Amino acid sequence: MRAHYGYEDGSGRYYITIDTDRCNGCAECVRLCPAAVLEMVEDDPLEPAAVAAVTAAQRNRLREACAPCKASGQGALPCVAACAPDAITHSF
Amino acid sequence: MAEARPEFWRWQERRWRDDTVDPRAGGILSAGVDVGSVSSQAVVMVDGRLYAWSSRRTGGSSPDSAREAMAWALEGSDLRVEDLHFVVGTGYGRVNVPFAHKTITEIHCHARGANFMYGSKVRTILDMGGQDCKAIRCDERGKVVAFQMNDKCAAGTGRGMEVFADLLQVPIDQVGPMSLEVDEEPPPVSSTCVVFAKSEAAGLLRRGWPKERVLAAYCGAMAQRVFALLSRVGVEREFAITGGIAKNPGVVKRIERALGFEAVTGAVDSQIAGALGGALFGHALEQKGRGQR
Amino acid sequence: MITVGIDMGAKNVKVVVLGDQGVICRALRPAGLDTDQTARQVMAAALEEARVGRGDVARIVATGTGREDAPDSDETMTDVSCAARGAHELCPEARTVIDIGAEEARAIRCDARGRVQDFAINEKCAAGTGAFTEAMARALEVPIEELGPLSLRSTQAIPMNAQCAVFAESEVVSMIHNNVPRADMARAVHDAIASRMTAMVRRVGLEPPVVLVGGLGRNTGFVESLKRGLTVETIVVPEWPELVGALGAALVARGGA
């Protein structure tokens, strides 16, 4: 499942997409995010495995929430760099 | 003497029961309760068959709304909440259904519910709820393949529509039909923001635009907004629309025009899709618990 | 030399007549439906009060959302430039200018000479603008001028989850239902706008002193919320905050740096 979390407004489209079929539940992205943007949730109600998701609190303010990481210009974002199966992408 | 101000935004609360179904003869009684920001639904199933449902306005508290929706659905039957084997709670935000055995996200519930309501051919679902708008892609079993949700902004939501109905003093269930009574489709309202669209609409009215035309312009803007949301997940047929706004032909027709094909229709009230999906999950989970799966 | 700046705002049309000794007169009127007519009326009224004929005016510059529709202007200039110019004139040390209008909000960072270095605008969304406070004042059933003083009586901060003015209205209704004190809700409204503005200012970089212009400058409660959000001790609010854009336009008309 490709889960697109975020919003768009007059200034742009701000989405973090998590491909839960690729996500292996390692939770490294959750651990490394400095802004508490990510959390682990249950994916399929009929199966127990947990996958990464964007929290409800941050979902509608991704531009502000992710700004520090993007502004630092340190190359790949911590969450994206940590994800071995390449399950996370940012649209902005 | 105070006169009651007509509430144009008030839509009709409904309930339904199939008395040909005997819940006492059923093996598994499951239910789904969907507490949304604007409306709450309860659906009761007997062995995966639709038995009863209710849809009413959400009150101040989530637990109360859940209890009331459930009580109303069960009223007149001889079932009590305690008789239900598996209840699934779902809905918007931090939903709290105290008597639920499990909480499942509304995305999964909606896809399952739509699969039941519209058949296994449905692949794309647009849910326009009270305060959010969701685009869901699913497979033939109703399993979610992709989704996107807007709940930051009132554009494309039921609340946005209510604001407009109130401004134009038109009962909410008339908004759609009236918006289609135009000879020529006017340009959509330029602002997707409901607050700005409201000022824009007030200006159009003052300029002499008939209500029908203003409604057409607003429904057009809503459809445009929703179309943008759909474009990210992509639309694959068959396409279904759930949620309260599915009952607004003004928005539905304009979305269909933009897509170039029609949405499928179902026999069951579009507002109960989430709760219905919950009841189906409840049934499956109870079966699993009993070792039947 | 006499110049005129006209700010065709979403809600109000503002005019400033500027002479060699400074501002000669100011005028403001609700834009209404026919903004063209309103603009002419405000201009005529301002010139009359200034005892100046149209022929005496060297140049008119228009700014604001509807600047292209200004009936009688020689040039148009962006809101950002005019807000910065006007703010700098009234407060030469200003480095961060926050301009909150009826339908748009801007965060501007400028240099020692008042030239714009970076800016951010919120677009197409009523949250964080004057329209938001108006909607909230209606939901709380208080006159808009009372919103500020009401919020200053708040005893606690409560978070407002909704990011949208329409959703916030429902949130307010349900808070009233739960007997949340109106003063606390009024403060929550201001805190919500301040928080959006803070995020915008951080994008351009906060550099004191901070000047607040636009109608919301008159809202004392909002100013407090903004101070808290930006974590600054003082925010400069000019005497006629909603006229700063028009002043900036009049200064641009005058020319020079």
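Student: Leaving aside its neighbours within four places in sequence, which residues is B:Val33 in contact with?

Tutor: Good place to start! Keep in mind that this is a predicted model. Setting aside those sequence neighbours, B:Val33 contacts B:Ala42, B:Ala66, B:Ala69, B:Met70, B:Val87, B:Gly89, B:Val97, B:Ala100, B:Ala275 and B:Gly278.

Student: Which residues touch the most other members of the largest nonpolar core?

Tutor: That core holds 209 residues, and B:Val33, B:Val44, B:Tyr218 and C:Ile6 touch the most other members. Helix H6 of chain B, residues 211-233, supplies the largest share of this core, with 13 residues.

Student: How do I read a helix with buried residues? Let's take H3 of chain A: which of its residues are buried?

Tutor: Here is the general idea: an α-helix has 3.6 residues a turn, so residues three or four places apart point the same way. Now the case here. In helix H3 of chain A, residues 62-71, the buried residues are A:Leu62, A:Ala65, A:Cys66 and A:Cys69. They lie on the same side of H3(A) because they cover an arc of only 85° around the axis. A:Pro68 and A:Ala71, on the other side of H3(A), are exposed.

Student: What do the buried residues of H3(A) pack against?

Tutor: Their partners are strand S1 (2-9), strand S2 (12-19), helix H2 (56-59) and helix H4 (78-82), which belong to chain A. Look also just after H3(A), where A:Gly73 has a positive phi of about 60°.

Student: Now domains. Where are the two domains of chain B in the domain assignment?

Tutor: Domain 1 is given as 14-118 + 271-289, and domain 2 as 124-263. Their contact takes 15 residues from domain 1 of chain B and 21 residues from domain 2 of chain B. On the domain 1 side, helix H2 of chain B (residues 106-118) gives the largest share, 8 residues. By class, that side of domain 1 has 7 nonpolar, 7 polar and 1 charged. The centres of the two domains, taken over C-alpha atoms, are 27 Å apart.

Student: And between chains, how many residues of chain C are in contact with chain B?

Tutor: The general idea is that the size of an interface is often given as the accessible area lost when the parts come together. Here we can count residues instead: 16 residues of chain C are in contact with 16 residues of chain B. On the chain C side, helix H3 (130-140) and helix H5 (165-177) are the elements that give two or more residues. H5(C) gives the most, with 6 residues.

Student: Which classes make up that side of chain C?

Tutor: The side of chain C that touches chain B has 9 nonpolar, 5 polar and 2 charged residues.

Note on methods. Residues are numbered from 1 along each chain as its sequence is written. Chains are lettered from A and ligands numbered from 1 in the order in which they are written. This is a predicted model: local features need pLDDT of at least 70, side-chain atom pairs count only at pLDDT 80 or more; totals for chains, interfaces and linings use all residues. A nonpolar core is a set of buried Ala, Val, Leu, Ile, Met, Phe, Trp, Tyr and Cys residues joined through C-beta atoms within 7 Å. A residue is buried if 20 or more other C-beta atoms lie within 10 Å of its own, exposed if 12 or fewer, and partly exposed in between; C-beta atoms are placed from the backbone. Helices (H or I, at least four residues) and strands (E, at least two) are DSSP runs, numbered from the N terminus. Two residues are in contact if their C-beta atoms, placed from the backbone, lie within 7 Å. Domain bounds come from an automatic or database domain assignment. Ala, Val, Leu, Ile, Met, Phe, Trp, Tyr, Cys and Pro count as nonpolar, Asp, Glu, Lys and Arg as charged, and the others, Gly among them, as polar. The arc is that of the directions from the helix axis to the C-beta atoms.
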